[in-house]
Amino acid sequence: MKSIVILISGRGSNMQALLEANLPCRIAAVISNRADAQGLEIARARGIPTAVVPHRDYADRASFDTALAAAIDRHAPDVIALAGFMRILTDQFVERYRGKLINIHPSLLPAYPGIDTHERALQDGIKIHGCTVHFVTPTLDHGPIIIQAAVPVMRDDTPQTLSVRVLREEHRIYTQAIRWLCRDQVWLNEQGRISSNRLEQPGATLISPGVE
C-alpha cells in the first residue's frame, strides 16, 4: 500500500477531507510549518503522526526546505499533498519530489495563480470559477493538471460565498486525485505531462448563467 504525507499551515480542511475519505493508501504523517496549525490536533485525534518544522527557525528558504525534506523523508512517502501549506518552496525542493508533490489551488488554472483568487474572479466578472489539483513544478501554480472542478459564479456572490462553493469541490477532487495516484491510474510521464489509464467520460457541460 502506498503512503502519503500531508503538509498544512492552518485548519487543514482539505487534509480533514483526505482523512475522512477512506483512501486506498496509508497517511504516514501530517507536517506543518506552524505549531499552532489547527489541523495538527485533528490528525493527532485520529492517531496520525505529526511533526512541526517552524519556518521562523531557519535563516532562509533553502535551509527550511532542507529541514522539511528531512522530516518528510523519514516516512518515505509515495505522494506528498500540499493542503493549505502557505510556504513557497525552492526549485530544489520541488525537483527532489518531482512526480510526487501535488497541490490544490482555488481557481481553474492557469487562470488566477497566486492568492486572492475569489476576489479577482469576482472583479473580472467571470461566470465560471473552480479549483484545480496539479503536480507542483518550479513555476508557481502552473504544474500539469490532474483534475478540475467548475462552479457557477452567482450574481450576488461575495468572496466568502464563492469560496464556500469552491471549497466543497476542492474536498471532492483532492480525494479523487489521490485515489487515482495511489492506484497508479494517473502519473507524471517522462515528458512532464499527465498520463492516465482511466477511461475518459464526456460528462455534463456547465453553462453559467444557464440557457433557457
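Mentor: Contact here means that heavy atoms lie within 4.5 Å. Keep in mind as well that this is a predicted model.

Trainee: With that in hand, which residues does Asn14 touch, leaving aside residues up to four places away in sequence?
Mentor: Asn14, whose place is in helix H1, touches Ala83, Ile104, Leu167, Glu170, His171 and Tyr174, when residues up to four places away in sequence are not counted.

Trainee: Why is Asn14 called buried?
Mentor: The word buried is kept for residues under 20% relative accessible area, and Asn14 has a relative accessible area of 6%, so it is buried.

Trainee: What makes Met15 count as buried?
Mentor: The cut-off is again under 20%, and Met15, which is also found in helix H1, has 0% relative accessibility, so it counts as buried. Beyond residues up to four places away in sequence, Met15 touches Ile6, Ile8, Val30, Gly39, Ile42, Ala43 and Ala83. Met15 and Gly84 are 69 residues apart in sequence, while their C-alpha atoms are 8.4 Å apart in space.

Trainee: Why is Asn22 called exposed?
Mentor: Exposed asks for over 50% relative accessible area, and Asn22, at 70%, therefore counts as exposed. Asn22 lies in the loop between H1 and E2, and its phi is near 55°, a positive value in a residue other than glycine.

Trainee: How do you know that Ala76 counts as exposed?
Mentor: By the cut-off of over 50%: Ala76 has 56% relative accessibility, so it counts as exposed. The place of Ala76 is in the loop between H3 and E4, and Ala76 has a positive phi of about 45° although it is not a glycine.

Trainee: How do you know that the span of helix H3 agrees with what it should be?
Mentor: The expected span is 1.5 Å times one less than the number of residues. Helix H3, residues 61–73, has 13 residues and should therefore span 18 Å, and its end C-alpha atoms are 18 Å apart, which agrees. Buried residues in H3 are Phe64, Asp65, Ala67, Leu68, Ala69, Ala71 and Ile72, and what covers them includes strand E1 (3–8), strand E2 (26–32), strand E4 (79–82) and H4.

Trainee: What makes a set of residues a nonpolar core?
Mentor: Its members are buried residues of the nonpolar kinds from Ala to Cys, namely Ala, Val, Leu, Ile, Met, Phe, Trp, Tyr and Cys, joined through side-chain atoms within 4.5 Å. The largest such core here has 39 residues, of which Ile6, Ile102, Val133, Ile146, Tyr174 and Ile178 touch the most other members. H6 gives the largest share of this core, nine residues. Apart from it lies another core, of 21 residues, among them Ala71, Ile80, Leu82 and Phe93.

Trainee: What volume does the largest pocket have, and which residues are closest to its centre?
Mentor: Its volume is about 1000 Å³. Of the 36 residues that line the largest pocket, Gly84, Met86, Ile104, His105 and Pro106 are the closest to its centre. Among the elements that give two or more residues to this lining are helix H1 (13–19), strand E5 (101–105) and helix H6 (159–182). By class, the lining has 14 nonpolar, 15 polar and seven charged residues.

Trainee: Which element gives the largest share of the lining of the second largest pocket?
Mentor: That share, six residues, comes from E7. The second largest pocket has a volume of about 770 Å³, and of its 22 lining residues Ile147, Gln148, Trp180, Arg198 and Gln201 lie nearest its centre. The lining divides into 13 nonpolar, five polar and four charged residues.

Terms used. Residues numbered from 1 in each chain as written. Predicted model: local features only at pLDDT ≥ 70, side-chain atom pairs only at ≥ 80, totals over all residues. Heavy atoms only, no water. 1 Å grid on protein atoms, 1.4 Å probe; cavity = no way out; pocket = protein on both sides within 12 Å on 5 of 7 lines; lining within 4 Å. Points joined across faces, edges and corners; volume = space filled by probe spheres on them. Helix = DSSP H or I, 4+ residues; strand = E, 2+ residues; numbered from the N terminus. Nonpolar A, V, L, I, M, F, W, Y, C, P; charged D, E, K, R; others polar. Buried < 20%, exposed > 50% of the residue type's maximum accessible area, 1.4 Å probe, protein only.
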